[in-house]
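Take a look at the structure below. The report that follows covers a helix and some aromatic rings.

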Amino acid sequence: MTTENTVCNCFTDNLERVKNHLIAQGTIPEGAIDVDFKWRDQTFSLSGGDRAPVNPRVEFEFRASKKGGGHAKNLRKDDVSIYANYCCYCGRKYSK
């Protein structure tokens, strides 16, 4: 059972599990060098503290309406990041 003061290693442990799985199934060939695994979209926090090393992103797109009626020819695309308050693996609340 985890508590708010306990630090989890869920992201490190799961990255290692993915690495081991890909090596075991042969996706990473034997004898390969310079093999590196890291989370995509890692975050950098100046405040430090307890946090998830990655934050999920939600991509969205839309065709804006024109002032004179109708809609724009091109789609607008953007994304937003969601900052996690809890570990997505073990459910432990991150300290602030």
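## Helix α1

Helix α1 spans residues 10-24, 15 residues in total. From first C-alpha to last it reaches 21 Å, close to the 21 Å expected at 1.5 Å a residue. That expected span is 1.5 Å times one less than the number of residues. Helices here are DSSP runs (H or I, at least four residues), and strands are runs of E (at least two), numbered from the N terminus.

This is a predicted model: local features need pLDDT of at least 70, side-chain atom pairs count only at pLDDT 80 or more, and totals for chains, interfaces and linings use all residues. Residues are numbered from 1 along each chain as its sequence is written, and side-chain values use heavy atoms, leaving out hydrogens and water.

In α1, C10, F11 and N14 are buried (under 20% relative accessible area; exposed is over 50%, partly exposed in between; 1.4 Å probe, protein chains only). They cover an arc of only 95° around the axis, so they sit on the same side of α1. The arc is taken from the directions from the helix axis to the C-beta atoms. T12 and A24, on the other side of α1, are exposed. G26 follows α1 and has a positive phi, near 90°.

## Aromatic rings

The whole structure holds three aromatic pairs (Phe, Tyr and Trp rings, the last by its six-membered ring, with centres within 6.5 Å; planes under 30 degrees apart are stacked, over 60 edge-to-face, the rest tilted). F11 and Y89 have ring centres 5.4 Å apart and planes at 75°, so the pair is edge-to-face. F11 lies in helix α1 and Y89 in the segment after β2 (76-81), 78 residues apart.
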